[in-house]
Amino acid sequence: MSDFLQLTLFGLSNGAILALAALGFVLIYKATGVINFAQGHFLLIGAYVFYAAMIVFGFHWSLSVLIGVAVAIVLGVLVERFVLRPMIGEEAIAVIMVTIGLSSMFAGSVQFLFGTAPRETPRFLPSGAMELAGATVPWSRIWAIGIAAVVLTAFTLFFTRSRHGIAMRAVADDQQAALAIGISVRRVFALAWALAAATAVVGGILLANLTGVSPALAGFGLVVFPVVILGGLDSVPGTIAGGIIIGLLVQYTAGYIGGGFEQVIPFVVLIGILMVRPYGLFGQVRIERV
Amino acid sequence: MPASATGVHHRSYASELTLRHTRAERFRLLLILAAVVMVPFIVTPYWLTIANQIGIAVIGAVGLNILVGYTGQISLGQGGFLAVGAYTSALLHIRADLPVPVCIALAVITTAAIGALFGVPALRLKGLYLAIATLASQEIILFAVRTWDWLTGGVDAISLPRLEVGGFIFRQDFDWYWVIMAFAVLAVITGRNLFRTGLGRSFMAVRDQDIAASAMGVDVTRTKVLAFAISSAYAGLAGALMAHYTGIVTWERFTLDVSVLYLAIIIVGGLGSIAGSVYGAIFMITLPALITRFGQDFQSIWPQAAEKVPAVQVIVFGLVIVLFLIFEPRGLNRIWQRMKDYIRFWPYRY
C-alpha cells in the first residue's frame, strides 16, 4: 500500500510536469498547426537558464524564475518570427524538420555553454520528506504538483475568460474568419509560441529541482508525444488527463514490472491509441478515409 | 522544371530509355566515375574513412528518400531499421556461422519484412501523426535491441571478425572502399530506375494525391506497405554494411539522432531526388569532419576549441537544416540545377 501511494505521488508529479510541457505543445499545434519537436528543449533551456541565474549568478530564486520566463518569451517570439513564419504553407515534413533543426541548435548551445556533465541542482522548493501512510514523499514533489496545477488552471481560465485567449481559440477554429473580425493572426501566432515556451520553462524549472540539471532533461520532451496523442492533439484538458495517465503508467510499470519496460510503455500506448483512436481522448474528430 | 532538362529530342525508343540523354550528362558521369575511382589513391586515411561513411549514408539516404521524398510517408524510424539490418547480419554471422554475403542478403530481406510491418500504421495515418508513430517504432525497436539479451547481447557491443570472402581478407578502409562504393552505385542505379517503373510511379501518385491515386486504380494499401518494405531494404543493406565495416555493433549507433541525420541528408540534398540523396550524404557527413579539423587548427589560438567541437557540430547541424528549409527547401539538387541553367544561358538570364 505504501509503495502504491509513493508511486502514485511520483507519477502525479511527473505527470503534472508532463502536462505543462504538453500544454505548450498543444498551444502551438492549436494556433499554428505546427508539431513542435523542440518542446523538450524548451524544458532544457528553462532548466539551464534557471540554474545559471540562481547558482552561477547567485540571484534569488524568484528573480531567477522571472529571468527564465523572460528568456523563454523572447526565444519563443524570435523562433516564431524568423523560423516558423517562412514555413507557413510548407509540407508537414518541412515543418517537422525545422523544429527538429531548432531542437538541435538549442541542445548544441546548451552543450556549448555548460558542457555535458550534470550540474548542481538549484533547490528552491522545500527539501525534506513527509510520511504518509507509511510512504515517504519528498515535499518538493507535492509542491511541484501544486505549482503545475496553478499554472494549468491559470491557462484554462486564460482560454475561457481573457480576450487574448478567446482570440487564440478563434484563430485555431478558422484563421480567415478570425482575420475578418479584426484579430491579428500574426500576433496570435507569436503569443502562442511565447506562452508555449513559458509553460515549458516553468516545467523545466520544476524538473530541474526534482531530477537535477543535465542534458538528459531534453529526453523528457519525447514523452510529450504519447501525452498529447492520448489526450488529443488540440485539447487543453486532454494534456492534463494525458499527462497524469502517462505519468502514473510509467511509475506503476517501473514499480511493478520493471526491467526498463517503463521507458517504452508510453510509446506502446502511443501506437495503440494511434491505431484505435488517432484523435485521442478529447481531440476533435476529423474523419478522412483513403 | 530546370531548363537543362528541356529540349531533348528523341528519335528512337532506345535513346528515350537511357538514363543520360545529352553529351554533357555523359561527360559529367565519366568525370564522377573517374573521381570515385581516384579518391582512395589520393586522399589521406582519415578522409578515406569519411568516404566510406558517405558511401553507407548514400545507401540509407536513397532508401529514406524513396519513402519520404517519393512516397510522402514521413519516417523517423530509419535508425531503427538500420539497427535491424546491422544486428540481423551480425548475429547470423556469429551465431549461425553463415558467410557474410549470405548474412547481408538475409539482413536485407529481414529488414524489408520488419519495415513492412512497421509501415502498417501508415495505412491509417498521414503527415504529422505518421511521423509520431514512426518515432514510437524507433523507440520500440531500440528498446527490443537493448533488452533482448538472449538475442542481441543487450547493451553490450557485439564485435565481428574481419570480413573474409574466398580467402581474401578485407583489412583496411582501402579494401572496404570498393565494396561500399559498389553497393552505393547499385543503390543509386536501382533507385533511379525504380521511378521509371509502374510501381515507382504509383509511389509518386500516392504522394501527390492519395485519393486521386486510388481513383486511378493504384492500390494505396499495397503501395504504402511496399514503399516501407523497399525503403527498409536499403536501410538493412546500409546497416549490415556498417556492421561488417566497423566490426562493432551497438545500439548507441542507431538512436533517434541517426534517424534525424538521415532525414537531414535527404532534406539538404533534395526531397524526391536520388541525386539529391548523394549530394546530401556527402554534405552532411563531410561537414562534421570539417568542423573537427577546424577545431584542431583553432586550438593554438583558443585552447578549449577541441572540447567545444561536439557542441559546435550539433549547433551547425541544426542551423544547416533550418537554413536550407527556409532558403532552399528543395535542397542541393535544386541549387545544382540552377547553376547548370545559369551556365547554359550565360550571358543571358533566360
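In this predicted model, 46 residues of chain B are in contact with 44 residues of chain A. Putting the two chains together buries about 3800 Å², and carbon and sulfur atoms account for 83% of that area. A trio of residues stands out here: Leu128(B), Tyr129(B) and Ile132(B) supply 17% of the area that chain B buries against chain A, more than any other three residues.

Polar contacts link three residue pairs across the two chains, with both residues of each pair at pLDDT 80 or more. On the side of chain B that touches chain A, two or more residues come from each of α6 (127-147), α10 (210-215), α12 (256-269) and α14 (305-327) of chain B. Of these, α6(B) gives the most, with 14 residues. By class, this side of chain B comprises 36 nonpolar, four polar and six charged residues.

Within chain A, a helix pair is also worth a look. Helix α6 (residues 163-173) of chain A packs against helix α8 (residues 185-211) of chain A at an angle of about 110°, and their axes lie 10 Å apart. Because angles of 65 to 115 degrees count as roughly perpendicular, α6(A) and α8(A) are therefore roughly perpendicular to each other. From α6(A), the residues His164(A), Ala167(A), Met168(A) and Val171(A) take part, meeting Val185(A), Val188(A), Phe189(A), Leu191(A), Ala192(A) and Leu195(A) of α8(A). This contact has nine nonpolar residues and one polar residue, with no charged residues.

How values were computed
Residues are numbered from 1 along each chain as its sequence is written. Chains are lettered from A and ligands numbered from 1 in the order in which they are written. This is a predicted model: local features need pLDDT of at least 70, side-chain atom pairs count only at pLDDT 80 or more; totals for chains, interfaces and linings use all residues. Side-chain values use heavy atoms; hydrogens and water are left out. Axes are lines fitted to C-alpha atoms, for helices over the stretch in contact, and angles run from 0 to 180 degrees between N-to-C directions. Helices (H or I, at least four residues) and strands (E, at least two) are DSSP runs, numbered from the N terminus. Angles under 35 degrees count as roughly parallel, over 145 as roughly antiparallel, 65 to 115 as roughly perpendicular and the rest as oblique. Contact means heavy atoms within 4.5 Å. Ala, Val, Leu, Ile, Met, Phe, Trp, Tyr, Cys and Pro count as nonpolar, Asp, Glu, Lys and Arg as charged, and the others, Gly among them, as polar. Buried area is the accessible area (1.4 Å probe) that two parts lose on being put together, summed over both. A polar contact is a pair of N or O atoms within 3.5 Å; within protein, one must be able to donate a hydrogen and the other to accept it, and residues adjacent in sequence count only if both atoms are side-chain atoms.
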